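This report is for a reader who is meeting the structure for the first time. Please look over the sequence and the 3D view before reading on.

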Amino acid sequence: MDPVVLFFILGVVARLAKSDLRLPEGLYETLSIYLLLAIGLKGGVELAKHPLATVAPQAIAIVAMGLLLPLLAYPVLKFWGRLSNFDAAAIAAHYGSVSVVTFAVGLAFVTKRGIPYEEYMPLFVALLEVPGIVVGILLARLHTLKSVRWGELAHEIMFGKSVVLLVGGLAIGWLAGPQGIDPMRGLFFDLFKGVLALFLLEMGLVAASRLGDLKRSGPFLIGFGLLIPIVFSFIGAGLGTLIGLSLGGTTLLAVLAASASYIAAPAAIRIAIPEANPSLSIGAALGITFPFNLTLGIPLYFEIAKMLHK
């Protein structure tokens, strides 16, 4: 097991044991900003090495996947889970978007094993942040679109912290190129895994605190949080194989498809679907899917990618 995952488990155990362990709120914000910028910068540097004409067809296919995933999740939540239209749409939006931290752990996984991957994969992280959220909102407001504050919502989605930092990092890395970023390599590249470990310690504390929400939601949502990532990982791995990604790139796309947002999506959904219960979506994404992906999911998605590549 990767040491960064053990940091996450330490946080879970500490919270369940009612330890007084806490990370200062300012430090948590600093770590999240660092991770988003570092992922964006690395993707931008590698994007500078590849012509956009090569990346564009893959990007279009991946955005299409981002639009499809919430459409698949919504009927399962509404008709099998018997959730309200608002709750089903909100949860679908979270699972249609992506988790940057899960992607970072996936990067650490393939890097540790020496598995080659397309270095511009962070571009796809930025592209997958938004489509699932927009589809989820449209599903919730299908008959009442006039009640959505579209200007405020668009600003929240396009200029929220995670999107600004990811896209900004990509732009800086792309414009500066490898030589321009080289003096910052020690800070943003070499220290990345250590900072990720500290962030996952805090995520373990937060995830354990959300378990109570899931107990109140019943077994369906727990099963959904465990099974839908596996289903979505097949879609991500299948698409990665079809568009010609390497084994590492296919694995990372499967990881992205299987992840669920708990940073960008909650902020947007709070504005667009105030009728939804946030404890259900955040509890499932952060309390069930995130720990599953970190401990068992990512190795499983790697095996799925290997199987499809063969």
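## Basis of the model

The model is predicted: local features need pLDDT of at least 70 and side-chain atom pairs count only at pLDDT 80 or more, while totals for chains, interfaces and linings use all residues. Residues are numbered from 1 along each chain as its sequence is written, and side-chain values use heavy atoms, with hydrogens and water left out.

## Overall form

The protein has 16 helices and 0 strands. Helices (H or I, at least four residues) and strands (E, at least two) are DSSP runs, numbered from the N terminus. The C-alpha trace spans about 50 × 45 × 40 Å along its principal axes. For 310 residues, a compact globule would have a radius of gyration near 19 Å, and the 18 Å of the protein agrees with this. That radius is taken over C-alpha atoms, and the globule rule is 2.2 Å times the number of residues to the power 0.38.

Of the 310 residues, 55% count as buried. Buried means under 20% relative accessible area, exposed over 50%, and partly exposed in between (1.4 Å probe, protein chains only). Among contacts (heavy atoms within 4.5 Å) between residues at least 6 apart in sequence, 88% join residues at least 24 apart.

## Surface

The protein exposes about 13100 Å², and carbon and sulfur atoms supply 69% of it. Accessible areas come from the Shrake-Rupley method with a 1.4 Å probe; for residues, only the protein chains shown count as cover.

## Helix H14

Helix H14 covers residues 247–258. At 1.5 Å a residue, its 12 residues should span 16 Å, and its end C-alpha atoms are 16 Å apart, which agrees. The expected span is 1.5 Å times one less than the number of residues.

In H14, 11 of the 12 residues are buried, so the helix is largely enclosed by the rest of the structure. The buried residues include Gly-248, Gly-249, Thr-250 and Thr-251. The cover over the buried residues of H14 includes helix H3 (52–80), helix H4 (85–96), helix H5 (100–112), helix H6 (121–129), helix H13 (219–242) and helix H16 (278–309).

## Buried residues in other helices

Ser-233 lies in helix H13 and is buried, with a relative accessible area of 1%. Leaving aside neighbours within four places in sequence, Ser-233 is in contact with Ala-254, Ala-258, Tyr-301 and Ile-304.

His-94 is found in helix H4 and counts as buried at 1% relative accessibility. Not counting residues up to four places away in sequence, His-94 touches Ala-260, Ser-261, Ala-265, Pro-266, Ile-269, Ser-281 and Ile-282.

Ala-272 is in helix H15 (residues 264–272) and counts as buried at 5% relative accessibility. The C-alpha atoms of Ala-272 and Gly-236 are separated by 27 Å, with the two residues 36 apart along the chain.

## Two loop residues with positive phi

Lys-18 sits in the loop between helix H1 (3–16) and helix H2 (25–47). Its phi is positive, about 60 degrees, although Lys-18 is not a glycine. Lys-18 is exposed, with a relative accessible area of 76%.

Arg-82 lies in the loop between H3 and H4. Phi of Arg-82 is near 55 degrees, a positive value in a residue other than glycine. Arg-82 is exposed, with a relative accessible area of 74%.
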